[in-house]
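User: I would like to learn how to read a few features of a protein model, one at a time. Could you take me through them with care?

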Amino acid sequence: MNITFENADKVNGLMTITVEENDFKEAVEKTLKDYRKKANVPGFRPGQVPMGMIKRMYGTAVKMDAINRVVGQEMYKYVKDNNIQMLGEPLPHEGNEAVDIEKPAPYTFQFDLAVAPEINVKLSGHDKIDYLTIDVDDKLIDQQIRMYASRGGSYQKADDYQDNDMLKGDLREQDKENGIELSEALVMPTYIKDEDQKKLFEGSKLGDIITFNPRKAYQSDAELASLLKVDKADLGFHTGDFTYQITEISRFTPAEVNQELFDQVYGKDAVKDEKEFRERVAEEIKAQLQQNSDWKFLQDLRAHCEKKAGKLTWPDELLKRIMKQNNQDKGDDYVEKNYEGSVKELTWHLIKEQLVSANDIKISDDEVKAAAREAARAQFAQYGMSNVPDEYLDNYAQDMLKKEENVQGFVDRAIDQKLIEVMKNVVKLNEKTVSLDEFNKAMAE
């Protein structure tokens with residue numbers, strides 16, 4: 001076998017592989033012998049089918065498989081041995097005629113290889129990058145406590161309607177024979193879109209009868225169908241007025257900021273008083289916001305590195321062919337629309353690989369598990385569960401890691417986290433303390 005590689009412009013590579021008969025002959029003969037042992041052909045005992053017949057039946061396909069296998073193996077070996085940074089998969093060279101393997105060897109195959117451009121991004125203390133620390137002020141602490149109080153709150157009975165109250169009552173369609181009649185129909189006037197219809201409920205009390213038009217009150221067919229308990233297709237038959245007699249008023253009352261709430265949020269007797277509670281909340285917010293600060297730092301690091309890398313030359317046409325090959329169901333428009341964004345992500349991927357290698361960053365299985373664990377913690381936190389036992393977090397993380405489609409994401413998270421920590425000690429940090437509003441504004445820029 002002979003392999004040559006041309007790469008005149010540094011990014012478009014042409015690999016030529018010439019395969020001799022000795023490169024695949026032994027593999028073909030072995031496979032055909034195995035086929036002969038197993039072949040079930042009428043008129044012949046097992047293992048006694050003539051080899052000539054086996055070759056006529058399977059020879060071409062077996063030969064093609066053997067050639068493809070050896071070509072693939074030697075191609076990737078050559079790429080690895082010669083440190084070629086190949087992007088995507090190699091594609092058959094455009095314009096080449098199909099190789100006729102019915103003819104005697106040798107056979108010549110050519111492949112187009114997209115090669116990564118040379119990127120040289122080195123960072124040191126001379127590189128200055130912003131690091132924004134978000135100030136955990138009383139406003140943020142109060143907001144978090146209000147959220148906990150809201151989650152721990154409950155509905156209480158009331159005698160008069162106030163904004164955000166939930167009403168229960170008897171709903172009856174007017175001026176229509178056999179019209180809709182419902183008991184215990186739920187209405188929250190706060191969410192009524194039409195202001196005139198919403199005002200009809202202002203100042204109402206338990207037992208009051210209100211005449212309103214549900215069709216005008218609710219713009220959403222889904223909401224209206226839910227209230228009237230009818231199919232959306234039948235809403236056109238119920239466009240008139242209804243009476244609504246209030247039989248119950250429920251008012252949501254947030255939980256009091258007391259020991260019961262402390263225990264609910266952080267566990268029995270973990271916090272003793274409001275001062276400790278506020279301190280614990282502040283620590284929790286600080287940890288959450290540091291993740292935001294780290295993420296912003298990573299984005300600023302990326303922008304700094306991309307600027308330092310400068311304008312790069314890419315094998316555009318070949319990369320577009322690879323994108324099209326990988327997205328055969330989406331067509332040329334998809335490739336043209338997404339190519340620029342894809343190259344931008346590829347640029348950062350290559351820079352990040354270089355930074356990881358230059359700083360000898362490696363991650364362990366434990367660090368991948370830790371990334372999955374933090375993802376699990378974040379999911380529980382979305383539902384207000386901030387005091388989930390470690391055992392439950394570990395089990396949930398292990399379940400997520402059992403799915404192959406999740407693993408690479410956690411590997412990437414672990415690498416990003418380690419890269420952030422390392423690079424904070426490599427570059428010079430321009431540290432600033434900002435408010436949450438200022439931080440959000442910076443993120444939007």
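Analyst: Pro106 lies in the loop between β3 and β4, where strands are DSSP runs (E, at least two residues) and helices likewise (H or I, at least four), numbered from the N terminus. A cis peptide bond, with omega about 10°, joins Ala105 and Pro106. This is a predicted model, in which local features need pLDDT of at least 70 and side-chain atom pairs count only at pLDDT 80 or more, while totals for chains, interfaces and linings use all residues. Residues are numbered from 1 along each chain as its sequence is written, and side-chain values use heavy atoms, leaving out hydrogens and water.

User: In what order do the 4 strands of the open sheet stand?

Analyst: Two strands pair if DSSP finds at least two bridges between them. Here the order is β1-β2-β4-β3, with antiparallel pairing. Because β1 (2-6) and β3 (86-92) each have a single partner strand, they stand at the edges, and one side of each is left without a neighbour in the sheet. β3 pairs with β4 (residues 107-115) over 4 bridges, and Met86 stands opposite Val115 in β4.

User: Is Asp175 buried or exposed?

Analyst: Buried means under 20% relative accessible area, exposed over 50%, and partly exposed in between (1.4 Å probe, protein chains only). Asp175, in the loop between β7 and β8 (181-187), counts as exposed at 84% relative accessibility, and its phi is positive, near 55°. Asn164, which lies in the loop between β6 (154-158) and β7 (166-173), is partly exposed at 43% and has a positive phi of about 80° although it is not a glycine.
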